[in-house]
Amino acid sequence: MNKVYNNRAWLLVLPMLVLVAFSAIVPLMTVVNYSVQDVLGANARFFTGTEWFETMLNDPALQAAFLRQIIFSLTILAIQIPLGIGIALIMPKRGWQASAVLILITLPLLIPWNVVGSIWQIFTRGDIGLMGWGLRQLGIEYNITRNAADAWVTIILMDVWHWTPLVAMLCYSGLRSIPEAYYQAARIDRASKWAVFRYIQLPKLTNVLVIAVLLRFMHSFMIYAEPFVLTGGGPGSSTTFLSQSLTTMAVGQQDLGPSAAFSIIYFLVILLVSWVFYTAIMNMQKDKHSQGRSLI
């Protein structure tokens with residue numbers, strides 16, 4: 001029997017498609033238009049083809065910023081994903097304690113990004129900041145405006161404090177979705193805590209971890225407000241990431257053509273790396289399913 005589908009439901013999506021067209025597609029086409037032109041004035045534009053793309057790809061400053069961005073994002077993922085899983089595992093599952101912990105853990109997420117940078121800037125000052133003053137009392141030389149290593153460590157700590165709760169909440173929701181029957185079977189088999197985590201909890205967290213990895217990578221790769229407020233990209237250019245370089249080029253220098261080409265490259269890199277992460281994690285999940293079926 002042939003099924004009859006009602007395609008009129010797409011009309012409900014039409015307003016959102018129109019909104020996305022005006023808020024995303026039209027600006028994207030404008031950026032593409034600028035990326036192949038040399039804009040000298042309101043009526044003075046010259047077609048340059050791929051010249052700006054070649055210039056941006058061969059720019060040593062942008063290559064250095066790209067390397068710093070990759071190191072930062074990979075470091076953030078390596079810290080926040082295991083830490084978020086660990087926090088979710090020790091969080092209470094029921095009662096008022098669970099509600100209280102959820103409220104407390106989400107507080108950093110409610111703080112605006114620029115305010116986070118201001119908080120940590122004050123926190124790390126040697127005269128009035130608790131962290132800076134404490135390290136000074138211990139005899140540790142700590143200055144984020146002069147020492148690149150101190151600036152890097154502070155930015156990483158700031159991002160871990162700000163965004164690890166998001167990973168923990170996602171993992172907590174994944175753990176809460178596991179049926180109690182799985183744990184009862186594990187107790188009957190006298191499975192260890194590691195075995196429960198390895199064979200019950202971690203496989204059930206795969207889909208949640210895909211979301212967590214993609215969200216944290218995309219945001220960490222586009223981070224701007226926090227390090228800009230905290231260090232201003234310094235000392236020197238040691239904490240200048242791609243977003244700051246792009247903002248300086250587009251807003252500060254008004255180089256519309258190069259900045260447009262740079263933004264397209266930036267977007268494609270994020271899209272490509274996110275696709276690689278997604279494909280790798282989903283392939284791992286397929287391999288686990290195939291191994292499970294072969295055992296059955």
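Visitor: Is Gly233 buried or exposed, and what is its relative accessible area?
Guide: In this predicted model, Gly233 sits in the loop between helix 11 and helix 12. Buried means under 20% relative accessible area. Gly233 counts as buried because its relative accessible area is 0%.

Visitor: Which residues does Gly233 touch, leaving out those up to four places away in sequence?
Guide: Trp120 is 113 residues from Gly233 in sequence and 15 Å from it in space, C-alpha to C-alpha. Not counting residues up to four places away in sequence, Gly233 touches Pro227, Ser238, Thr239, Thr240 and Gln244.

Visitor: Which two residues are joined by a cis peptide bond?
Guide: Most peptide bonds are trans. Pro235 lies in the loop between helix 11 and helix 12. With omega at about 0 degrees, the cis bond joins Gly234 and Pro235.

Visitor: How are the ring planes of Phe72 and Phe241 arranged, and at what angle?
Guide: A pair of aromatic rings is described by the distance of the centres and the angle of the planes. The ring centres of Phe72 and Phe241 are 5.1 Å apart. Planes under 30 degrees apart count as stacked and those over 60 as edge-to-face. The pair of Phe72 and Phe241 is therefore tilted, with its planes at 40 degrees.

Visitor: How many residues apart are Phe72 and Phe241, and where does each lie?
Guide: Both Phe72 and Phe241 are buried. Phe72 belongs to helix 3 (residues 60-90), and Phe241 to the loop between helix 11 (225-230) and helix 12 (242-252). The pair links distant parts of the chain, with Phe72 and Phe241 169 residues apart.

Visitor: Which residues form one aromatic cluster?
Guide: The whole structure has 12 aromatic pairs. One aromatic cluster is formed by Phe66, Phe217, Phe221, Phe262 and Tyr266.

Visitor: What is the C-alpha to C-alpha distance between Val210 and Met282?
Guide: Val210 is found in helix 10 (residues 206-221), and its relative accessible area of 6% makes it buried. Leaving aside neighbours within four places in sequence, Val210 is in contact with Tyr278, Ile281 and Met282. Val210 and Met282 are 72 residues apart in sequence, and their C-alpha atoms are separated by 8.0 Å.

Visitor: What is phi of Arg190, and is the residue buried or exposed?
Guide: Most residues other than glycine have a negative phi. Arg190, in the loop between helix 8 (180-188) and helix 9 (193-204), has a positive phi near 55 degrees. Exposed means over 50% relative accessible area. At 78% relative accessibility, Arg190 is therefore exposed.

Visitor: What is the radius of gyration of the chain?
Guide: The chain has 13 helices and 2 strands. For 296 residues the globule rule gives 19 Å, and the chain is well over that, so it is more spread out than a compact globule. Along its principal axes the C-alpha trace spans about 75 × 75 × 35 Å. The radius of gyration is 24 Å.

Visitor: What share of contacts with a separation of 6 or more comes from residues 24 or more positions apart?
Guide: Of the 296 residues of the chain, 37% count as buried. Among contacts with a separation of 6 or more, the share from residues 24 or more positions apart is 68%.

Visitor: How far apart are the centres of the positive and negative side chains?
Guide: The chain has 19 positive and 13 negative side chains. The centres of these two sets lie apart by 20 Å.

Technical notes: Residues are numbered from 1 along each chain as its sequence is written. This is a predicted model: local features need pLDDT of at least 70, side-chain atom pairs count only at pLDDT 80 or more; totals for chains, interfaces and linings use all residues. Side-chain values use heavy atoms; hydrogens and water are left out. Helices (H or I, at least four residues) and strands (E, at least two) are DSSP runs, numbered from the N terminus. The radius of gyration is taken over C-alpha atoms; the globule rule is 2.2 Å times the number of residues to the power 0.38. Buried means under 20% relative accessible area, exposed over 50%, partly exposed in between (1.4 Å probe, protein chains only). Contact means heavy atoms within 4.5 Å. Lys and Arg count as positive and Asp and Glu as negative; His and the chain ends are not counted. The place of a charge is taken as NZ of Lys, CZ of Arg, CG of Asp or CD of Glu. Rings of Phe, Tyr and Trp (its six-membered ring) pair if their centres lie within 6.5 Å; planes under 30 degrees apart count as stacked, over 60 as edge-to-face and the rest as tilted.
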